[in-house]
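Morning, everyone, and thanks for coming.

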Amino acid sequence: MAGRLQDKVAIVTGAGSSGPGWGNGKATAVLFAREGAKVFCTDVDTDALAETLNLILGDGGEAAAQVADVSLADHVAAMVQSCLERFGRIDILHNNVGIVELGGPVEASEAAWDRVVDVNLKSMFLTCKHVLPRMAAQGSGAIVNISSIAGIRWTGVPYVSYSATKAAVLGFTRSVALEYAQRGIRANTILPGLMNTPMIVEPLKDAYGQGDVQKMVEVRDAQCPMGHMGDAWDVAYAALFLASDEAKYITGAELVVDGGITAKMA
Ligand code: NAD
């Protein structure tokens, strides 16, 4: 039986994970491959990237990988070029990379602010700059950008650069979606809620658990209406739907994947 992304070529940024277990990008890359996509994985972390590549190849899937920092223009240009040389086209761009730096405007350094803006927002500008012309030439494409409920709600943690960039992802995606709607290219955003992925451990263990990871998990679980955080697969399955032709009439949409927490915060 054909997979839901059979023979499509997908770029997944941040396809590794920042610790053991499943990050959103890692789960998405593996799921896309299981559904028949040829996945071009990229990450700044060589070992994490190799792990995801090996998972896909071990599964019998098709994938390639290239180390790149997606906040850097020359890295992105080279990464997109490599994908085209290897697979010949780009059907799906999954912009998953995101980092957290704690602090409000007073506490956060200017360097930390600039870094978060570059990694969380400029990266999407750069990948779209290089991928959109190719999708436009093909007359088709699907872009899935990862935001966060922190872009639309106060989550209780001051990380102003994270909240601001994740809000900006919404406007960025809407603009791309409308500009390219008549050229067969769709662009949508996923807003994950509180997810239990490796990303949260380092930046958030102090904010939620006074340095105690188990305490952090308990506090975050308790905030969620279902009594537990979501996981990377919840985001991956949402991305799979939006990237697939099943979502052919969906563009400019914002899909919240949060177990109901924003409904509670409304
Ligand atoms: P993760 O840290 O496990 O994985 C992200 C990957 O991106 C890592 O492998 C890291 O090496 C890579 N990366 C970081 N900076 C990079 C760069 N400049 N260039 C290339 N690769 C880079 O994180 P995750 O939990 O999978 O989160 C992925 C996305 O989901 C992020 O955008 C994050 O903001 C978003 N998100 C996560 C949560 C959550 O609770 N975990 C909630 C909302 C949104």
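How many nonpolar, polar and charged residues are there in the lining of the largest pocket? There are 23 nonpolar, 16 polar and eight charged ones. Before I go further, please keep in mind that this is a predicted model.

So, the pocket. Its volume is about 970 Å³, and 47 residues line it. If you want to find the centre on your screen, look for Ser18, Val97, Gly98, Ile99 and Met199, which lie nearest to it.

Helix α6 packs with α7, residues 213-223, at an angle of about 75°, and the two axes are 8 Å apart. The pair therefore counts as roughly perpendicular, since that class takes in angles from 65 to 115 degrees. On the α6 side, the contact uses Val201, Leu204, Lys205, Tyr208 and Gly209. From α7 come Val213, Lys215, Met216, Val219, Arg220 and Gln223. Sorted by class, this contact has six nonpolar, two polar and three charged residues.

Last stop, the salt bridges. The model has nine of them, and here is one I'd like to show you: Lys8 with Asp245, at 3.2 Å from N to O. Lys8 sits in the segment before β1 (9-13), while Asp245 is in the loop between α8 (232-243) and β7 (254-257).

Terms used
Residues are numbered from 1 along each chain as its sequence is written. This is a predicted model: local features need pLDDT of at least 70, side-chain atom pairs count only at pLDDT 80 or more; totals for chains, interfaces and linings use all residues. Side-chain values use heavy atoms; hydrogens and water are left out. On a 1 Å grid over the protein atoms alone, a cavity is a set of points where a 1.4 Å probe fits but cannot get out, and a pocket is an open set with protein on both sides within 12 Å along at least five of seven lines; lining residues have an atom within 4 Å of a point. Grid points are joined across faces, edges and corners, and a volume is the space filled by probe spheres set on the points. Ala, Val, Leu, Ile, Met, Phe, Trp, Tyr, Cys and Pro count as nonpolar, Asp, Glu, Lys and Arg as charged, and the others, Gly among them, as polar. Axes are lines fitted to C-alpha atoms, for helices over the stretch in contact, and angles run from 0 to 180 degrees between N-to-C directions. Helices (H or I, at least four residues) and strands (E, at least two) are DSSP runs, numbered from the N terminus. Angles under 35 degrees count as roughly parallel, over 145 as roughly antiparallel, 65 to 115 as roughly perpendicular and the rest as oblique. Contact means heavy atoms within 4.5 Å. A salt bridge is a side-chain nitrogen of Lys or Arg within 4 Å of a carboxyl oxygen of Asp or Glu.
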